[in-house]
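Here's a quick tour for anyone meeting this structure for the first time. Have a look around, then read on.

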Amino acid sequence: MLKRILPIALLTGSGQLFSLFALKYISRFGSSLDLKAIGQTDSLVLFMLNGIALGLQTAAMRDLALAKDWKTDFQQAQSARFTLSILLCGGVVLAFFNHYYFLFLFAPVLAMNGDYALYARSHPIAGASVGFSRLFLPYAAIMVAAHFRPDLIIPVYIISTVVIYVFTNLFISWYLNTAAVSKPSLKNLHLYIKSLPIGVEILSLYFIGMGLMMVIPYFYSNSTVALAFVGLKFYVLFKGVLRIIHQAFIREMNSFEVCLRVDQLCMLAGISFTVFMICFPKTVIGIFFGEKYLGDPVYFILLAIAGLIYSSFSSFIIRAMLEKKDIPNAIAALAGALFTISLNIALSFSYSTAVSIGISLIAGELAFAISMVFILHHKGLVQDRLIFFMKNIFIVAIPVFIAWFFGDHMKNLLIAFLLFGGLMAISHYKKFAFGVRMA
């Protein structure tokens, strides 16, 4: 089990971690306005990627994995994506209200991204390598800009992002031996209609996370938005690592037994994230985010709790998709997203800090998880996960004991991590080291 996901996790995780440390570096040289601008730019790029993907990308991955004549299906999907991206270019008119929206002009470059075909055709290492480069180049570029020309951080970020997408798009077409650009066709847009519920779900889940960056700048101060972006970037990193596990076992997850095994592995990550953030907030924040944010530990702790909730039930999304419960799944995700956004806005009027953002994220994840429990309606969904959590309480006591008696220091964190990680490995190695049985 671990052997299958480790190379992909290392590539994807290192790229995400690099972007996080780049933001930590930038916060030393730039201002909260710079981080806010990067956050809005980053969230808009992700919004376009999710909007272009909708449910079509998920449906296409399923078809490409099974079809003999997969290149024809791929070109059809790419044609539909390219056509929609041309229509999205019209969003540039919103630049009159917010100048970041001129990024809609680059939608066609994002649409020609075919990395999903790499995963569908069992080339996950190539796909992870593409993902790594798309994070490394833009964030390395803005680190250089932050040091020498802070006034050019945003133009450098945009240009480097577009450039790396162009080159990686060409690499993917060469690797798969497919056309680099597909001819636009309005006829192919019907593919989106067929997979619309999945698209609504994916776009909604985006707003229970980084998508909040498209909302909070209008309701919170620049410093709060900058803090929120740094935290949400880490939160997206965490959820991205869990998605790697899902992608590695998607075929086997037609079994509730395998879903539970996947969630248990994800829960170990969620428990680790939460307990170390609670026990060693100063040290963890200092390592990943910088001393600038040491005064806001509650926000990061709330993010960790939200991550634990997501990790405990994350397989439900895949399971519902395999059961073809697309419409109820989409309704649950949309309701969760609207609840998260609404609570975020409502709290901004009474308590305009990053803590409100963390609370809304916990509420959104919890609402979506509860909805999915009712949709799947399978005996033991919650009970089995609670039992597993309780079985690991004694391991959690190790960092709690060390932090309580010896304090929040780097040395103590390392000792706690080694003991905690070692005991986790001994307790669960046999369960996760080997393959899972096909259902």
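Predicted model: local features only at pLDDT ≥ 70, side-chain atom pairs only at ≥ 80, totals over all residues.

Residues are numbered from 1 along each chain as its sequence is written, and side-chain values use heavy atoms, with hydrogens and water left out.

**The whole chain**

What is the chain built from? It has 20 helices and zero strands; helices here are DSSP runs of H or I with at least four residues, strands are E runs of at least two, and both are numbered from the N terminus. The C-alpha atoms fill a box of roughly 65 × 55 × 40 Å along the principal axes. With 439 residues, a compact globule would have a radius of gyration near 22 Å, and the chain agrees with its 21 Å. That radius is taken over C-alpha atoms, and the globule rule is 2.2 Å times the number of residues to the power 0.38.

Of the 439 residues, 56% count as buried. Taking contacts (heavy atoms within 4.5 Å) with a separation of 6 or more, 82% are between residues 24 or more positions apart.

**A look at helix H19**

Which residues of H19 are buried? They are Ile-395, Val-396, Ile-398, Pro-399, Ile-402 and Ala-403. An α-helix has 3.6 residues a turn, so residues three or four places apart point the same way.

**Two loop residues with positive phi**

Asn-177 has a positive phi although it isn't glycine, and so does His-377. Asn-177 sits in the loop between helix H8 (153-176) and helix H9 (190-194), while His-377 is in the loop between helix H17 (354-376) and helix H18 (381-391).

| Residue | Phi | Relative accessible area |
|---|---|---|
| Asn-177 | near 60° | 57%, exposed |
| His-377 | near 50° | 70%, exposed |

How values were computed:
Buried < 20%, exposed > 50% of the residue type's maximum accessible area, 1.4 Å probe, protein only.
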